[in-house]
Amino acid sequence: MIMLNSHMAKIANHLSLLLLLFTLVACAENTDGGETFLSEQDQPAAYPSGNQPLKSAAEIQDVDQLIALLKAARRIPNSSKWFEIISLPNDVYALWEPGHVEKVNSYLIIGADKDVLYDTGMGIASIGQAINELRAVLGRGNHPLMVINSHNHLDHNGGNNDFDEAWIIRDEWAIQKLTGGISGGFTTYWAELTPHEGIEVPQNFDPETFSIPPFPLQRVRYLADGDVVDLGDRQFQVIHTTSHSPDGLALYDETNQVFFGGDTFGGGFYMTRDMSLLAADLERISALQIRWHYASHGAQLIEAMQEGQRLAIVRRILGGDSKEGMIPFAGQEFPIYTLDNVQVVLATDFLIY
Ligand SMILES: [Zn+2]
């Protein structure tokens with residue numbers, strides 16, 4: 001049990017590390033380039049330092065457009081005051097949790113026949129209630145809802161118990177995480193709250209006693225690579241990725257060029273458990289046409305991906321052509337490989353806990 005808890009503490013640290021690194025990368029980009037295109041003050045409330053887009057003249061223009069879009073996006077009030085619900089292009093609604101350092105995004109994707117909820121967040125407030133309120137506002141209270149987990153790290157399946165079923169990639173590790181729940185070892189992690197305008201921590205939330213209940217096995221459903229999630233008027237292809245966790249589940253709508261990549265694809269920043277698995281995941285998506293990439297942490301939209309280029313860079317890193325350093329965090333150190341605009345952190349033990 002002590003071993004288990006120590007592993008849990010490690011994964012908690014990793015999750016914070018992810019955010020820390022996003023911030024470091026963002027700072028480095030802002031100072032190295034001479035020109036700061038996204039200073040701290042300029043960032044809209046919806047645009048935290050995570051997932052900083054890359055820079056080229058054309059891309060900076062895209063970044064400006066993304067910022068403007070996120071700034072102007074409609075907010076939909078909900079009684080939790082914990083989720084910031086943001087109306088985004090393509091009939092997508094982010095349920096954002098900016099009150100915790102993870103700044104996790106879950107997404108409601110609207111379809112003619114059914115809606116998809118991609119991830120259920122941290123479980124700090126009831127995402128089920130927030131979804132009910134949102135769908136009532138949208139006049140969709142009676143439409144079927146399909147809940148899908150991008151993967152089964154604890155910041156993305158915390159609210160599963162609010163729903164009857166959850167669809168995941170069939171993987172033993174994932175099933176164990178989901179059906180086992182989390183009952184301890186994460187107090188410090190859960191306590192990492194961050195003030196955010198308009199956001200209130202639920203009164204009954206106590207990091208000391210908080211837990212994620214087990215999700216019953218008989219309510220778990222399975223998707224596999226190549227499956228199609230059909231919403232009636234649009235279809236998403238399921239892409240199974242393995243480099244961030246064994247059960248990564250990305251959704252891709254080819255017609256509208258819409259992509260939900262989970263934590264596997266972070267826009268040039270990768271936290272991976274295996275470098276060659278990362279190359280394989282990038283290989284899978286490098287040929288996709290993606291106009292709208294929705295991120296699972298921080299800013300909701302990442303600039304249009306050029307994953308083919310990033311794949312080439314990761315291949316050079318694999319070949320030894322990169323600056324290797326160590327990132328210290330919470331008494332441990334992680335190797336970080338940097339080349340051009342790509343950063344890869346190797347965090348094998350942290351990602352499988
Ligand atoms: Zn995550």
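Modeller: Start with the whole chain. Of its 353 residues, 46% count as buried. The model is predicted. The chain has eight helices and 18 strands. Take the contacts with a separation of 6 or more: residues 24 or more positions apart account for 65% of them.

Now helix α6, which covers residues 275-285. Its buried residues are L278, A279, D281, L282 and I285. They sit on the same side of α6, because they cover an arc of only 160° around the axis. An α-helix has 3.6 residues a turn, so residues three or four places apart point the same way.

What do the buried residues of α6 pack against? Three of the partners are strands: β10 (235-241), β13 (269-272) and β18 (342-346). The other is helix α7 (307-318).

The axes of α6 and α7 are 9 Å apart, and the packing angle is about 160°. Angles over 145 degrees count as roughly antiparallel, and α6 and α7 are therefore roughly antiparallel to each other. The crossing of α6 past α7 is left-handed. On the α6 side, the contact is made by M275, S276, L278, A279, L282, E283 and I285. On the α7 side, E307, R310, L311, V314, R315, I317 and L318 make the contact. By type, the residues of this contact are nine nonpolar, one polar and four charged.

Methods:
Residues numbered from 1 in each chain as written. Predicted model: local features only at pLDDT ≥ 70, side-chain atom pairs only at ≥ 80, totals over all residues. Buried ≥ 20, exposed ≤ 12 C-beta atoms within 10 Å, placed from the backbone. Helix = DSSP H or I, 4+ residues; strand = E, 2+ residues; numbered from the N terminus. Arc of directions from axis to C-beta. Contact = placed C-beta atoms within 7 Å. Axes fitted to C-alpha atoms, helices over the stretch in contact; angles between N-to-C directions. Parallel < 35°, antiparallel > 145°, perpendicular 65-115°, else oblique. Left-handed = near helix turned anticlockwise from the far one by under 90°. Nonpolar A, V, L, I, M, F, W, Y, C, P; charged D, E, K, R; others polar.
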